[in-house]
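Open the model in your viewer and keep the sequence panel beside it.

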Amino acid sequence: MTKVAVLGAGSWGTALANTMAKNNVVVNIWSHRVDQVDEINQRHQNDHYLPGATLSEKLLAVADMQVAVADADVVLMVVPTKAIRSVGSQLAEVLQNLDQQVILAHATKGLEQGTHLRISQMIEEVVPSENYSSLAVISGPSHAEDVIKGDLTAVSIGGTDEAATAVLQKTLASENFRPYTNHDLLGSELGGALKNIIALGSGMLVGLGYGVNAQAALLTRGLVEMRSVGQKMGAKPETFLGLAGIGDLIVTGMSPNSRNYRAGFAMGHGQSLNQVQEEMGMVIEGVNTVKAVYEYQQTHQLDLPITTALYQVLYEEAQIEDQIKLLMTRPLKAED
Ligand SMILES: NC(=O)C1=CN([C@@H]2O[C@H](COP(=O)(O)OP(=O)(O)OC[C@H]3O[C@@H](n4cnc5c(N)ncnc54)[C@H](O)[C@@H]3O)[C@@H](O)[C@H]2O)C=CC1
Ligand SMILES: O=C(CO)COP(=O)(O)O
């Protein structure tokens, strides 16, 4: 029987671990917080992150990473981007101590500040290659809040090792949860990271009172920006037409369950970024990703007007309405 260690017990780590536990996969979920470990094991809840949800009694939470990872076939990292290096370094030590090799996967959607690296590139820098047989990503349209309720969901699992992505697929698949595999790890990671930028903008539009025409325009032109960044970084353009691209853009850009959309919505209503971040209590990945992509475009001859507008709002105190006006009155051009 497959054993999986999920590292990170926020909303997404918990929802994925719970999906696997309900499939009779042996799952240990690691959290660095003992109170959270107790809450999951004793009350089968993780109330801060998934209020009202009852978790599978088969899901075991563990505070010691070495205990969680021992004998695991798969390690799935689901912490925010800014924690990937530190959790990855702890994992490296554990795998070295255990002299163990695993299938290594992650479900994190961001880019590193400063380096603009993808998550798998950061993992490669901190975990010795002898400790994992392959790397994969779980991406696609999947809010934890909907998955935990059993709402129908399809995700994509990107990775070049078909045997490994098939193992992940099997651990997650159910009548309600349908994972597809693909070979484009890079594009699947980027789709998940880049759509958060556009979701922030979509929330802002709705917060300001604009309608679905405006949202459709933003999401469609946003997809063009996602694809240009993706192509520049080496992704397959067709990945952006799949679950990890347009699929995730739709769910995150339209649903109030999205943290990025909600953050944008609150800013559209006049709240400051600081207020929004304090009140959310969960990671809003798009805020850092906007900065990483804005910086990347400066050195890579890209034209990303939506990303630039959002950077101005989030980092240069520009007014959202002024940026919308600038976007709408740019020189007219062909749709390419
Ligand atoms: N929430 C969702 O529906 C989805 C989230 N994701 C992605 O999954 C990643 C995680 O997101 P969420 O679960 O929503 O985040 P979250 O904010 O709900 O939880 C993050 C978890 O990571 C832990 N953590 C933070 N820093 C840590 C550190 N230094 N060491 C150890 N643990 C640490 C926190 O204690 C918490 O348990 C993000 O990249 C997000 O974009 C992807 C798909 C769906
Ligand atoms: O990636 C997600 C859904 O697929 C989650 O997005 P948020 O982080 O905006 O909630």
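Start by colouring the two domains separately: the centres of domain 1 and domain 2, taken over C-alpha atoms, are 25 Å apart. Domain 1 covers 3–183 and domain 2 covers 191–328 in the protein chain, with bounds that come from an automatic or database domain assignment. This is a predicted model, in which local features need pLDDT of at least 70 and side-chain atom pairs pLDDT 80 or more, while totals for chains, interfaces and linings use all residues. Residues are numbered from 1 along each chain as its sequence is written, chains are lettered from A and ligands numbered from 1 in the order in which they are written, and side-chain values use heavy atoms, without hydrogens and water.

Domain 1 contributes 25 residues to it and domain 2 contributes 28 residues. About 2000 Å² is buried between domain 1 and domain 2, 57% of it on carbon and sulfur atoms; buried area is the accessible area (1.4 Å probe) that two parts lose on being put together, summed over both.

The term requires a side-chain nitrogen of Lys or Arg within 4 Å of a carboxyl oxygen of Asp or Glu. Between domain 1 and domain 2 there are two salt bridges.

Finally, select α8 (185–208) and α9 (212–233), each of which supplies at least two residues to the lining of the largest cavity; helices are DSSP runs (H or I, at least four residues), numbered from the N terminus. α9 gives the most, with four residues.

Methods:
Contact = heavy atoms within 4.5 Å.
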